[in-house]
Structures are given as structure tokens and as C-alpha cells.
Amino acid sequence: MTLETIDYRANDAAEKFVTSLRETGFGVLTNHPINKQLVEEIYQEWHQFFNSDEKRNYLFKPETQDGFFPAEVSETAKGHSVKDIKEYFHVYPWGRIPETLRDNILTYYNNANNLAAELLEWVEQYSPADVKQKFSIALPKMIENSQKTLLRVLHYPPMSGDEEMGAIRAAAHEDINLLTVLPAANEPGLQVQLKDGNWIDVPSDFGNLIINIGDMLQEASGGYFPSTSHRVINPEGLDKTKSRISLPLFLHPNPEVKLSDNYTADSYLMERLRELGVI
Ligand SMILES: O=C(O)CCC(=O)C(=O)O
Ligand SMILES: [Fe+2]
């Protein structure tokens, strides 16, 4: 089984996309409106930023969670004991952003958010009636003007050979948020776990846009849309010497949005962050 790549401009794109999300937790789009040139520039300029000491001036603030997260404090996925081999920067429009990187990254943030609202409309449109009626408000409305939506610029450094035993670039995990929008990275490695337990590569040709379901949409849909495990495996051979940059946009509803009988977006997020030990 492979993940099918869906042409965003095809007549049946919305239906195919939502079927793919329902079956695998992932949908991969080509021919979409996100500008490749912009993504390419962002990869290049942030690669330089991660290779400079300037990043240390932006050390993340624990209270607000914006800024640079060095490899030493990087995440340990839920249920794992070894840290991921990565460093990253959390971009929020209200947060600190290096001045020279600001315009491009905020343009991307806005464009990706606009597309995400449309994709959430697709999800809603092709949800069965009993699922649709679980949504407390329309899905695109949940993320409208949300201050919580987070753009993470990730840098997976070249492999040094001194990595901790068993460490990989990103250990298997599920995303916490509603939906994640991710342009294919500049290097391969992203895999998703299918229902049968097998891991397959997510088609990561440069220019593909990868969308995956997070736990919040799983919760809000009563499990109809699955938040599936994914990971980033380590490179082999010559690729070991290369950095990998990726750019997931984690769509977070406004805090007061009711996800289910049990949770608002805020109470859900707090519970998960507490579990992760980051708050
Ligand atoms: O780097 C990638 O391709 C995926 C990253 C990811 O899954 C995450 O940060 O949640
Ligand atoms: Fe993820």
C-alpha cells in the first residue's frame, strides 16, 4: 500500500482527500496554491540561521513557548525515553522572529492558514452526518484568528555518529492539534504507520503538501478521523551528511472551542502538555 498523491485542482480532490485522511490519517496534495519558491527560500534561510550562533539569542521562553529549542531540550516523544535528534524554532505571529526571516515566514504562515481553512471545509463537507453533528462549530471557524496555531521550523542536523543509542530524528508520535500542514521536507525520512502496523514512506517529492490529522480532530470526530503515528527515520549513506529542514504548521483551535463533551481545546492541550512534561 502506498499513499496516493491527490491533485488539489481535480474535480474530486475534496472527496479523495477526505477518504485518504479517514483511511490513513494522511492526505498528500500536489498542484496546490502554496508557493514552492517561498518554501525553498525559507528552507535555505533557516538552514543558515540554524548553522549560526544567532539562534542562541532567541532561546525559547517557557511561559510563551516561542523561540529556539536547542537539541539538548528537544522533545522526547510520548512513551519514549530517548530524545529526538532535532532542534527547532516556534514561530507565532505575536512571538519573537529574527528580523531578516520575518517577512517570508509570516507570509507562509498566513498562506498555509488560509489553505488549511479550506481543507477543514473539505473535511466537514465529507464527514457523515453523525460525525458532522459532533462538531460544536464549523471546523474552519475553530481555527479562525487563533493565536495558538504554531509554525515549527525544524532542523535535523547531519548525523555525527555520536547519537544516543536508539535515537531517531523524530520518534513515532501523534500530533496533538486539529490538523497539521507540512510541505515535503528537503530530504526524505517521513513515514506513517498503517492500520496493519506497517510503516510506509509518505510521498515526499519536493512540492508535495502533506496534511495529517491530530488528536484534537480525532477527539472532536469521536474517533472517525484517526490521528495516526508517524516518525522521521535517520538518513543512510551519503544523506547522513545532510541537514533536513521541515515546516509543520500545527493548527490549534481557539482555546475556548469545545472539542467534545470532555474537552475544550485548552483543557485538552494542557492535559497533553502536562503528560509531556513541558509545562
Ligand atoms: O519533520 C517532519 O517531516 C515531521 C515532523 C513532525 O511530525 C512533527 O514535528 O510533529
Ligand atoms: Fe508530527
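**Entry 1: Helix H7**

Which residues of H7 are buried? I looked them up in the predicted model and found that Ala 265, Tyr 268 and Leu 269 are buried in H7. Viewed down the axis of H7, the buried residues fall within an arc of 95 degrees, so they line one face of the helix.

I then checked the length of the helix. H7 covers residues 265–276, which is 12 residues. At 1.5 Å a residue, H7 should span 16 Å. I recorded 17 Å between its end C-alpha atoms, which agrees.

**Entry 2: Confidence**

The protein has a mean pLDDT of 96, and 99% of its residues reach 70 or more. I also noted an ipTM of 0.99 and a pTM of 0.97.

**Entry 3: Two backbone angles**

I turned to the phi angles. Most residues other than glycine have a negative phi. I noted two residues with a positive value.

Where is Asn 31 found? I located Asn 31 in the loop between strand E2 (26–30) and helix H2 (36–50). Its phi is near 60 degrees, a positive value although the residue is not glycine. Asn 31 counts as partly exposed because it has 14 C-beta neighbours inside 10 Å, and a residue needs 20 or more to be buried.

Gln 65 is the second case. I found Gln 65 in the loop between H2 and strand E3 (67–69). Its phi is near 65 degrees, again positive in a residue other than glycine. With 16 other C-beta atoms within 10 Å, Gln 65 is partly exposed.

Which residues are around ligand 1? I listed Arg 152, Leu 154, Ala 170, Asp 175, Leu 182, Ala 185, Leu 190, His 230, Val 232, Ser 246 and Pro 248. Sorted by class, this shell holds 7 nonpolar, 2 polar and 2 charged residues.

I then asked which strands each supply at least two residues of the shell. They are strand E5 (150–156) and strand E11 (230–232).

**Entry 4: The annotated span**

Finally, I consulted the UniProt record. An unreviewed entry there gives the annotation "domain: Fe2OG dioxygenase" for residues 147–253. In the model, I found that the span 147–253 is 6% helix and 35% strand. The end C-alpha atoms of this span lie 9 Å apart.

Methods
Residues are numbered from 1 along each chain as its sequence is written. Chains are lettered from A and ligands numbered from 1 in the order in which they are written. This is a predicted model: local features need pLDDT of at least 70, side-chain atom pairs count only at pLDDT 80 or more; totals for chains, interfaces and linings use all residues. pLDDT is the predictor's confidence in each residue, from 0 to 100. Helices (H or I, at least four residues) and strands (E, at least two) are DSSP runs, numbered from the N terminus. A residue is buried if 20 or more other C-beta atoms lie within 10 Å of its own, exposed if 12 or fewer, and partly exposed in between; C-beta atoms are placed from the backbone. A residue is near a molecule or strand if its C-beta atom, placed from the backbone, lies within 6 Å of it. Ala, Val, Leu, Ile, Met, Phe, Trp, Tyr, Cys and Pro count as nonpolar, Asp, Glu, Lys and Arg as charged, and the others, Gly among them, as polar. UniProt positions are given in the numbering used here, feature names are shortened, and annotations may be inferred rather than shown by experiment. The expected span of a helix is 1.5 Å times one less than its number of residues. The arc is that of the directions from the helix axis to the C-beta atoms.
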